[in-house]
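This briefing concerns one protein chain and the surroundings of one of its residues. Please keep the structure in view while reading.

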Amino acid sequence: MKLEEGMYVRTKVGKIAKIINKYDNSGSLHNENFVWVLDDSSVLALHSQKAVKASYNLIDLIEKGDYVNGKRVYNISIVDGLKYLDVEVEDYLSDMPFINADQIESIVTKEQFENKKYEVIKND
């Protein structure tokens, strides 16, 4: 997979970041390729083999089970060539049951959600 500046990447651990610069270390002893990514307002080096998906369109990196704008994605639909995220809503009539690429404000991947959740153990 060829990574370019301006693309978004999804890593093996479920993080999504934007490539802000390429760094080619091919002249070194290790001969490995890295890209600089913007992640949570900090700049990090990312090894190119850690990227699972890459796209110029952020919506292409979202998977079922991720949370977009605080709503869980349960399906991804393509209508007339445009991708839509079908999301769970409390009241189907009061809220839009889908999100398009222009409406994405926040993403929490399913891996991030699982990593941060706290399970309550009840002693019954």
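Which backbone nitrogen lies 2.8 Å from a polar atom of the side chain of Asp66? The backbone nitrogen of Lys110 lies at that distance. The model is predicted: local features need pLDDT of at least 70, side-chain atom pairs count only at pLDDT 80 or more, and totals for chains, interfaces and linings use all residues. Residues are numbered from 1 along each chain as its sequence is written, and side-chain values use heavy atoms, with hydrogens and water left out.

**Asp66**
- Asp66 is located in the loop between β5 (51–55) and β6 (67–68); strands are DSSP runs of E of at least two residues, numbered from the N terminus.
- Asp66 is buried, with a relative accessible area of 0% (buried means under 20%, with a 1.4 Å probe and protein chains only).
- Leaving aside residues up to four places away in sequence, Asp66 touches several residues, among them Arg10, Lys71, Val108 and Lys110 (contact means heavy atoms within 4.5 Å).

**The sheet**
- An open sheet is formed by 5 strands in the order β9-β8-β7-β6-β10, with antiparallel pairing (strands pair if DSSP finds at least two bridges between them).
- Its edge strands, β9 (98–100) and β10 (107–108), each pair on one side only.
- Strands β6 and β7 (residues 71–79) run antiparallel and are joined by 2 bridges; Val68 has Lys71 in β7 as its bridge partner.

**Confidence**
- The chain averages a pLDDT of 81, and 79% of the residues score at least 70 (pLDDT is the predictor's confidence in each residue, from 0 to 100).
- Confidence is highest in β6, at a mean of 93, and lowest in strand β3 (residues 33–39), at 68.

Key. Helix = DSSP H or I, 4+ residues; strand = E, 2+ residues; numbered from the N terminus. Buried < 20%, exposed > 50% of the residue type's maximum accessible area, 1.4 Å probe, protein only. Polar contact = N/O pair within 3.5 Å; in protein donor to acceptor, adjacent residues only side chain to side chain.
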